[in-house]
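Please walk me through this structure in plain steps.

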Protein chains: 2
Amino acid sequence: MGELRKDPLTGRQVIIAAGRAERPRPLGHGGAEATEPCPFCAGHEAETPPEVWSDRPAGSPADRPGWNVRVVPNKYPALTRDGSGKESQASGVHEVIIESPAHLTQIGQFSTEQFNTILHAYRSRLAALRNDHRLRYALVYKNQGADAGATLPHVHSQLLALPFLPESVATELQGAKQFFAANQRCYFCALMDGTVEDGGRYVTANQDFAALCPDTPRFAFETWILPKIHWSCFDQCHDSALANLAQIMREVLRRLGRIQDNPPFNYFIHTLPLGEAAAPHYHWHIEILPQIGRAAGFEWGTGVHINAVAPEHAAQRLRDAVI
Amino acid sequence: MGELRKDPLTGRQVIIAAGRAERPRPLGHGGAEATEPCPFCAGHEAETPPEVWSDRPAGSPADRPGWNVRVVPNKYPALTRDGSGKESQASGVHEVIIESPAHLTQIGQFSTEQFNTILHAYRSRLAALRNDHRLRYALVYKNQGADAGATLPHVHSQLLALPFLPESVATELQGAKQFFAANQRCYFCALMDGTVEDGGRYVTANQDFAALCPDTPRFAFETWILPKIHWSCFDQCHDSALANLAQIMREVLRRLGRIQDNPPFNYFIHTLPLGEAAAPHYHWHIEILPQIGRAAGFEWGTGVHINAVAPEHAAQRLRDAVI
């Protein structure tokens, strides 16, 4: 279930996941948008695999209504635990974080409390996978809107844990190590200092977190959220930091929603590989990628992104947005 | 006009092109689809910058109707020739190849003859830029359909010439050099031999070209077209080879159109950097990337693509398509 292939020329990694061809078609393509009732709604728990985590009243039975956030295995996994033992056979874990029992489609409209519960789900699942030695890296990510690749409209994120270190994570880790060796400083710590000093790419901040537009954004209004103190692993976030993260994520997504009418977006958490202890060179962070324009032939052919909105201008617009 | 930025951590290259924010909005987003008349239609030549190439009757005046294929500078360029001389200022050339005087939207429906004229436009423009020493690489690419990033529906391709070697081209060239050093053979020549031998990923062929599904396709039904003999530079293609390329491109796009109802797609030509002479390790080719699924949070966060259709199955489906 899921075969990892690596291009001998470029090192490009591809997971061939034949079972996923049967999943619902993308939104807006005559697919799942019209399909009601939705399998993620409260009352339809039997239509998903059994839950592996939920936020629900103590003592209430699993896979029944009453939950606020619910995590279930993905019904159409890119990878599963049932590896054949062949090296190319990629066994992994693919889960869905259902972010609300109601059929809502815009996470930006949620309360800070609901955001906080979603972040607790991320932390619990990442912590649970930390010591599974078959796994090497876990990515928590979200696709909101058909133009950001969502196949079901009901708000949800995903967690995909891999038995290998993915290409762009490896590149980022390597770069961070080199930066630390050259500067005796974490790159991300330096990034925040520089950004706050010059004011140009800074969006907002609270006690524990800062949001900024990176210097080389792939997409218009791309925004990163970073802990202000040096912190390597997302799953070591304590409760009060998670509450502040919920506040800033909600604020940034609401600001973004004001730039255009709730644009589609992706976000993901970059954290240390599973099982690794805190490192002086690496700083976990969240990258939010609005999908207002889109990657096309030029981007696929060159690896270079063309972005029509300078990050200094994007940050200004985001700071000025009235929420 | 266009600033190149490079991420110090990952080497990621981004072109900040502020002027492009004013171009027409993507198709299907309340943008250009509804805008008639179209600036690419015959009779509207005055709405584009003056043509730099056209296929039209000998002696007929430029920028008037009568052309079959017309090349004009992009009105909303990612890069222009007017660099300020600053190193980060990326000066380049951005052109549009208008593929038909009529308001058509599907290149797959064209005659082989029209395809051939389009390929002549590609070759002429690449040859014209070959000796411009300010430029390092030129990518010819096409976006067909809103879901492949097209902003105007009228059939067109683009050429973007850059003053630097883009990231994924550099990676491919480097891999090709290493493969040649290790095997005393061109990787792409070996790829075709292997594919034709095992039959599994072979799609079609004619006298000069072969089409195959690569072993590590990023997208479902990704198909590459390669010259059968070792050839480094697209712009050194002679007329009879271009005619055979027109035949096989049309055939592959028509086969692809049968898999789903004319899916959106990107294609691009990978050829040697401008000004470089033929090389034993590099073989030009065209990569066609259907956009049936799409890159989302997982792909952007990891650099790894999940593909639900194995290339062996894709090739079988494409071979079996009745056209």
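Gln184(B) is exposed, with a relative accessible area of 58%. Here exposed means over 50% relative accessible area, buried means under 20%, and partly exposed lies in between (1.4 Å probe, protein chains only). Gln184(B) sits in the loop between H2 and helix H3 (187–198) of chain B. Its phi is positive, about 50 degrees, although Gln184(B) is not a glycine. Most residues other than glycine have a negative phi.

The model is predicted: local features need pLDDT of at least 70, side-chain atom pairs count only at pLDDT 80 or more, and totals for chains, interfaces and linings use all residues. Residues are numbered from 1 along each chain as its sequence is written, chains are lettered from A and ligands numbered from 1 in the order in which they are written, and side-chain values use heavy atoms, with hydrogens and water left out.

Asp63(B) also has a positive phi, near 60 degrees, and is a residue other than glycine. Look for Asp63(B) in the loop between strand S3 (53–55) and strand S4 (69–73) of chain B. Asp63(B) counts as partly exposed, at 25% relative accessibility. Helices (H or I, at least four residues) and strands (E, at least two) are DSSP runs, numbered from the N terminus.

Now step back to the helix that Gln184(B) follows, H2(B). Helix H2 of chain B covers residues 167–183, which is 17 residues. From first C-alpha to last it reaches 24 Å, close to the 24 Å expected at 1.5 Å a residue. The expected span is 1.5 Å times one less than the number of residues. Which residues of H2(B) are buried? They are Val169(B), Glu172(B), Leu173(B), Gly175(B) and Ala176(B). These residues cover an arc of only 165 degrees around the axis, so they lie on the same side of H2(B). The arc is that of the directions from the helix axis to the C-beta atoms. The face turned away from the buried side carries the exposed residues Ala181(B) and Ala182(B).

Next come the helix pairs. Two packed helices are described by the angle between their axes and the distance between the axes. Axes are lines fitted to C-alpha atoms, for helices over the stretch in contact, and angles run from 0 to 180 degrees between N-to-C directions. In chain B, the axes of helix H1 (residues 112–129) and helix H4 (residues 239–259) come within 8 Å and cross at roughly 120 degrees. H1(B) and H4(B) are therefore oblique to each other. Angles under 35 degrees count as roughly parallel, over 145 as roughly antiparallel, 65 to 115 as roughly perpendicular and the rest as oblique. Residues of H1(B) in this meeting include Phe115(B) and Leu119(B), and those of H4(B) include Leu242(B) and Met249(B). Contact means heavy atoms within 4.5 Å.

H4(B) has another partner, helix H6 (residues 311–320) of chain B: their axes come within 9 Å and cross at roughly 100 degrees. That makes H4(B) roughly perpendicular to H6(B). Here Arg255(B), Leu256(B) and Ile259(B) in H4(B) meet Arg317(B), Leu318(B) and Arg319(B) in H6(B).

Is Phe219(B) buried or exposed? Phe219(B) is buried, with a relative accessible area of 4%. Its place is in the loop between strand S9 (209–212) and strand S10 (223–227) of chain B. Not counting residues up to four places away in sequence, Phe219(B) touches residues including Trp300(A), Leu289(B) and His305(B).

Finally, turn to chain A. Chain A has six helices and 13 strands. Of its 323 residues, 58% count as buried.
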